[in-house]
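User: I would like to go through some labels on this structure. Please show it, and back each label with its cut-off.

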Amino acid sequence: MTVMSSNDIKYRRSPRTSHLPQKHDDYELLEVGFNGASFSGAVFNLSTTIVGAGIMALPSTVKQLGLIPGIIMILMGAALTETSIDMILRFGRASKTATYSGVVADSLGGFWRTLLQICIVINNLGMLIVYMIIIGDVLSGTWSDGVRHSGVMEEWFDEHWWTTRCSLLLFTTVFVFAPLISFKRVDSLRYTSALSVGLAVVFVAITAGVTVVKLIEGTIGMPRLMPEVVDQTSFWKLFTTVPIIVTAYICHHNVHPIENELKDHTHMKSIVRTSLTLCSSVYIATSFFGVLLFGDKTLDDVLANFDGDLGVPYSSLLDDVVRVSYGVHLMLVFPIVFFSLRLNLDELLFPFATPIAYDNRRFFLITLALMGFIFLGANFVPNIWDAFQFTGATAAIAVGFIFPAAIALRDMHGIATKNDRRASWVLILLAVSSSTAAICSDIYSIFTSDSGIKS
C-alpha cells in the first residue's frame, strides 16, 4: 500500500480546483520570499495577454469602418470584455472555484468544462504558432504575392545559414522562449510583460511622430470618418471587421492564474479595468495614427506599411525599429500565452493530478511537447495558418463571450442581475454573428486566392 504524505494530500486537486497553488502563500514552497503578486505586475501581465498580434490588424479595421465607428467599436469591445470577465470572477467566488474551467463545471457541468479547456488549448496553440510565423517573417523575411520581403537579419547581415528562417526561430526558441516558459509563476513574467507593453507604446509613438511630421508638411489628407459602402461586396466586408475587434481583448484564460497570485484578490476588478483602459488607449492611438498616416493605403497588417519609404528623414531606420520592436514584443507576449496553454492542457489531460507546479517531470514533458509542436507547426506544416483561422476565431469567441454569458444565464447561485442577463444575450448575439462572419470571410478569401492562382 502507498502511504501519501501530508503534503501530497494537501496539494491533490479535483477538476474544480486550481491547476496552480490556490493561495500566494503556497508558492513559498516553490520560491522563498514570494509575498504575492503586485498590482502593477498583474496589470502588465494581463495587458500583455491582451495586446498581441491583433494590434496590427486594427488600423485596417478602422479604415473599413471609418474613424468614428471604428473607435466606438474599440471602446465597445473593451466594455463587453470587462462585463464578461466580471461575470466569471463573481461566479467563481460564488462557487468557490479558482479556475475558469471550475466556474464552467460548477454552472454547466463537466462536459462543458472539457469543451472550454479544448477551446483555450486550440486558441492559445494557434495564437502561438501564428506569433512564431510572424517573428520568422520579421527576422528572415517572407514571400507575398510573388514579391520577396526581406527580414531585418537578412538586410543587416546578408544571407547566411544562421539568417535562415528555421535557424533564427531555433535560436529564438532556445535562448528566448525556453528560459521564459520555464517559470512556474505568472508573476515572474511581470518585467518582460512591462517591456512588451512598452514596445507596443514605442510603435504608437513612432507612428504618431511620423504622422505629426507629415501633417506639418501638409502631405496627409483627411481620413475617412464613416464607412464607404458602394456595392454589396463592400457592405458585407464591414462585417468581417467585427471578429477582429471582438477577439482583440481576449484574455479570460489568464484572469484566474493572475488573480490566484495576488496579495489581495479584491484588487482584481481594478486590475482588469486598468488593463483594459491601457490596452484600449493603445488600440485607439494605433488605429487613429495608422489610418491618418496611411489612409486608404493602410494594409490588413499595418506592419507591412513599414516596409518602404515613409517620406520622412531616417525612414529606413524607423522601419527597422518598428519591425524589430514588434518582433521582440511578440517574443515577450509568447510566454504569457504559453503559461495558460500549459495549465489548461495539463488540467485537461490530468484532472486529478497534483498541481503541475509541484511535478517537475510533468511540467518539463508538457512544456517540451507543446514547444516542439509549436516549432514544427510554424516551420514545416503548410497552410497551418489557414486551419487556425477557422478554429482560432471560433474558439477565442467561445472563451471570451459565449461561456461567460452561459454562466450568467444559468445562474446557479442566484446572483445574476437583469443587466447581467441583458449583457449575456448581447454577448451571445455578437459571438454568433462575428463567428459566422469570420468563417464566411475565411472561406471566401481562400476560394478567391485559389481561383486567382488557377487563373
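User: Where is Y314 found?

Analyst: This is a predicted model: local features need pLDDT of at least 70, side-chain atom pairs count only at pLDDT 80 or more, and totals for chains, interfaces and linings use all residues. Residues are numbered from 1 along each chain as its sequence is written, and side-chain values use heavy atoms, without hydrogens and water. Y314 is in the loop between α13 (268-294) and α14 (315-349). Helices are DSSP runs (H or I, at least four residues), numbered from the N terminus.

User: Why is Y314 called exposed?

Analyst: Exposed means over 50% relative accessible area, buried under 20%, partly exposed in between (1.4 Å probe, protein chains only). Y314 has 66%, so it counts as exposed. Its phi is near 60 degrees, positive in a residue other than glycine. Most residues other than glycine have a negative phi.

User: What makes D411 buried or exposed?

Analyst: D411 has a relative accessible area of 14%, so it is buried. D411 lies in the loop between α16 (384-410) and α17 (418-454). Its phi is also positive, about 45 degrees, although D411 is not a glycine.

User: Why is helix α5 called largely enclosed?

Analyst: Eight of the nine residues of α5 (residues 100-108) are buried, so the rest of the structure largely encloses this helix. Among the buried ones are Y100, G102, V104 and D106. Just after α5, G109 has a positive phi of about 115 degrees.

User: How do you know that I68 is partly exposed?

Analyst: I68 has a relative accessible area of 44%, therefore it is partly exposed. I68 lies in helix α4 (residues 67-95).

Methods:
Helices (H or I, at least four residues) and strands (E, at least two) are DSSP runs, numbered from the N terminus.
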